[in-house]
Amino acid sequence: MLHVVLVTPEIPHNTGAAGRLCLATGARLHLVKPLGFSLDDRQVKRVGLDYWKDVDLQVWESWQEFTEGIDPNAGVYFLTTKTKKPHWDVEFKDGDYLVFGCETKGLPESLLAENPDQCLTIPMVENSTRSLNLATSVGIVLYEAVRQVRGK
């Protein structure tokens with residue numbers, strides 16, 4: 001199973017869409033608090049449609065709690081615009097974690113600095129846009145990981 005981790009997501013629509021992507025791929029969705037909305041928010045459920053109840057969801061109180069609860073042998077990859085290493089240059093394996101930051105700030109700089117070799121980006125045309133939508137980013141990277149894991 002692959003894992004998608006959203007650290008302090010702010011927009012319920014993106015979280016609902018990420019949940020639907022996880023359900024479609026058999027991935028587990030992890031949400032690291034604080035959240036910018038309630039999980040009871042109708043927008044989360046609306047985007048997830050009637051599938052939201054079936055999403056394999058785990059909510060963590062903090063980043064520390066999350067890191068204490070994961071498999072220490074799994075790969076943990078941090079998606080950011082602040083690196084040059086494309087996400088497709090990694091050989092993903094079953095059990096890996098794909099970590100995404102909040103919509104307005106991305107992942108904390110300290111986290112990226114502590115894990116430079118695990119930082120990945122989705123390449124974009126230079127000077128085209130600052131970043132992609134969170135749910136779009138999840139879809140791009142998750143499906144590349146699925147392609148690699150299931151293609152073996």
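In what order do the six strands of the open sheet run? Before I answer, bear in mind that this is a predicted model. The order is β3-β2-β1-β5-β4-β6, and the pairing is parallel.

Now look at the edges. There you find β3, residues 57–60, and β6, residues 119–120. Each has a single partner strand, so one side of each has no neighbour in the sheet.

β1 and β2 are joined in the parallel sense by five bridges. Find V7: the residue opposite, in β2, is V32.

On to the helices. α1 lies across β1 and β2, and runs at about 150 degrees to β2. α5 also packs on the sheet. Its contacts are with β1, β4 and β5, and its direction makes about 165 degrees with that of β5.

Now the core. Which members of the largest nonpolar core touch the most other members? They are V4, L6, L29, F92 and F100, out of 25 residues. At least two residues each come from β1 (3–7), α1 (12–25), β2 (28–32), β4 (76–79), β5 (97–100) and α5 (134–150). α5 gives the largest share, with six residues.

Last stop, L6. Leaving out residues up to four places away in sequence, L6 touches T15, A18, L29, H30, L31, V32, F100, L134 and V138.

Note on methods: Residues are numbered from 1 along each chain as its sequence is written. This is a predicted model: local features need pLDDT of at least 70, side-chain atom pairs count only at pLDDT 80 or more; totals for chains, interfaces and linings use all residues. Side-chain values use heavy atoms; hydrogens and water are left out. A nonpolar core is a set of buried Ala, Val, Leu, Ile, Met, Phe, Trp, Tyr and Cys residues joined through side-chain atoms within 4.5 Å. Buried means under 20% relative accessible area, exposed over 50%, partly exposed in between (1.4 Å probe, protein chains only). Helices (H or I, at least four residues) and strands (E, at least two) are DSSP runs, numbered from the N terminus. Contact means heavy atoms within 4.5 Å. Two strands pair if DSSP finds at least two bridges between them. Axes are lines fitted to C-alpha atoms, for helices over the stretch in contact, and angles run from 0 to 180 degrees between N-to-C directions.
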